[in-house]
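Colleague: I would like to go through the terms used for this model one by one, and to hear for each of them how the value meets its cut-off. Please show me the sequence and the structure before we start.

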Amino acid sequence: MANEHDKMLPIANVGRIMKQILPPTAKISKQAKETMQECASEFISFVTGEASERCRKENRKTVNGDDICWALASLGFDDCSNAVVKYLNKFREFEQERAAMNQINEDEDEAAAGPSNSSKSKYHSK
């Protein structure tokens, strides 16, 4: 059976997130970090379990961002759900823009390289 700490967020990451919101001179005790680690890990497990159950009922094996948003809303975390929906939509827009830019860059690289070797051999193969 997995160790209980294996199911928790890394404490260094939890501490780093906590420090971001506090004044630079603030200190965080080890106990405070551990408490936040337990709470955040439990919250994530709670939400993920709800999303996973939805997927199981729909005979799906993959939990996606929409499932997490649904789970947050169904568990009464409407404010969190709305914020995550906005973030997810912006993330998807960014990914689409990045894919389009990558395609443009690939097309430009191919054009700059000139005809490929296979097309050269097709025209010069006599």
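**Terms and their cut-offs**

Modeller: Leaving aside residues up to four places away in sequence, Glu50 touches Trp70, Ala71, Ser74 and Leu75, where contact means heavy atoms within 4.5 Å. This is a predicted model, in which local features need pLDDT of at least 70 and side-chain atom pairs count only at pLDDT 80 or more, whereas totals for chains, interfaces and linings use all residues. Residues are numbered from 1 along each chain as its sequence is written, and side-chain values use heavy atoms, with hydrogens and water left out.

Colleague: What makes Glu50 partly exposed?

Modeller: The relative accessible area of Glu50 is 27%, and the scale calls a residue buried under 20%, exposed over 50% and partly exposed in between (1.4 Å probe, protein chains only), so Glu50 is placed in the middle class. Glu50 lies in helix α2, and its C-alpha atom is 8.6 Å from that of Ser74, 24 residues away along the chain.

Colleague: Why is α2 called roughly perpendicular to α3?

Modeller: The axes of α2 and α3 come within 8 Å and cross at roughly 110°, the axes being lines fitted to C-alpha atoms, for helices over the stretch in contact, with angles from 0 to 180 degrees between N-to-C directions. Angles under 35 degrees count as roughly parallel, over 145 as roughly antiparallel, 65 to 115 as roughly perpendicular and the rest as oblique, so α2 and α3 fall in the roughly perpendicular class. The crossing of this pair is right-handed, a label used if the near helix is turned clockwise from the far one by less than a right angle, anticlockwise being left-handed. From α2 the contact takes in Phe43, Val47, Thr48, Glu50, Ala51, Arg54 and Cys55, and from α3 Asp66, Asp67, Ile68, Trp70, Ala71, Leu72 and Ser74.

Colleague: What makes α3 roughly antiparallel to α4?

Modeller: Helix α3 (residues 65–74) and helix α4 (residues 78–113) pack at about 165°, with axes 8 Å apart, and that angle is what makes the pair roughly antiparallel. The crossing of α3 and α4 is left-handed. On the α3 side the contact is made by Gly65, Asp66, Cys69, Leu72 and Ala73, and on the α4 side by Asp78, Cys80, Ser81, Val84, Val85, Leu88 and Arg92. By class these residues divide into seven nonpolar, two polar and three charged, given that Ala, Val, Leu, Ile, Met, Phe, Trp, Tyr, Cys and Pro count as nonpolar, Asp, Glu, Lys and Arg as charged, and the others, Gly among them, as polar.

Colleague: How many aromatic pairs are there, and why is the pair of Phe43 and Phe77 called edge-to-face?

Modeller: There are two pairs, the rule being that rings of Phe, Tyr and Trp (its six-membered ring) pair if their centres lie within 6.5 Å, with planes under 30 degrees apart stacked, over 60 edge-to-face and the rest tilted. For Phe43 and Phe77 the centres are 5.1 Å apart and the planes stand at 85°, so this pair is edge-to-face. It links distant parts of the chain, with Phe43 in helix α2 (residues 30–57) and Phe77, 34 residues away, in the loop between α3 and α4. Phe43 is partly exposed at 33%, and Phe77 is partly exposed at 29%.

Colleague: What makes Tyr87 and Phe91 a stacked pair?

Modeller: Their rings are 6.4 Å apart centre to centre with 15° between the planes, and the pair is therefore stacked. Tyr87 and Phe91 are four residues apart in helix α4, and so about one helical turn separates them. At 57% Tyr87 is exposed, whereas Phe91, at 40%, counts as partly exposed.

Colleague: How do you know whether Asn59 is buried or exposed?

Modeller: The relative accessibility of Asn59 is 72%, so Asn59 counts as exposed. Asn59 sits in the loop between α2 and α3, and its phi is near 55°, a positive value in a residue other than glycine.

How values were computed
Helices (H or I, at least four residues) and strands (E, at least two) are DSSP runs, numbered from the N terminus.
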